[in-house]
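Dear colleague,

I am passing on a structure for you to look through, and my notes on it follow below. Please keep it open while you read.

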Amino acid sequence: MILFGTDGIRGRWGEAPLCKSTVVDLARALMNKYEGGIAVLQDTRESGKEISEILLSTLGGRGIYLGVLPTPAMSVALESGVATVG
């Protein structure tokens, strides 16, 4: 099954594949793949707050919440050192 579209996992929030269990599994996979902090940003969709909360809860102290930002802001955060990968 292909989960990722051009800009992320696609689907209606609350229905597979974009449901709580998938978000928890994604957070766990990120923790296994990367060391250190994992940046989380959200868009303005109604589901964004709940998805971010699930990610941050699962990531624990490793989650770094960047707020409501457009997707390209992640590149800026990474380049500026605000967020790191690896």
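Which residues does V23 touch, not counting residues up to four places away in sequence? With contact meaning heavy atoms within 4.5 Å, V23 touches W13, I51, I54 and L55.

Before going on, please note that this is a predicted model, in which local features need pLDDT of at least 70 and side-chain atom pairs count only at pLDDT 80 or more, while totals for chains, interfaces and linings use all residues. Residues are numbered from 1 along each chain as its sequence is written, and side-chain values use heavy atoms, with hydrogens and water left out.

Of its 86 residues, 27% count as buried (under 20% relative accessible area, with exposed over 50% and partly exposed in between; 1.4 Å probe, protein chains only).

V23 also belongs to the largest nonpolar core, which has 9 residues in all; such a core is a set of buried Ala, Val, Leu, Ile, Met, Phe, Trp, Tyr and Cys residues joined through side-chain atoms within 4.5 Å. Helix α2 (48-59) supplies at least two residues of this core, as do α1 (20-33) and β1 (38-42), and the largest share, 4 residues, comes from α2.

In α2 the side chains of K49 and E53 also meet in a salt bridge at 3.9 Å, N to O (a side-chain nitrogen of Lys or Arg within 4 Å of a carboxyl oxygen of Asp or Glu). K49 is exposed at 53%, whereas E53 is partly exposed at 45%.

Best wishes
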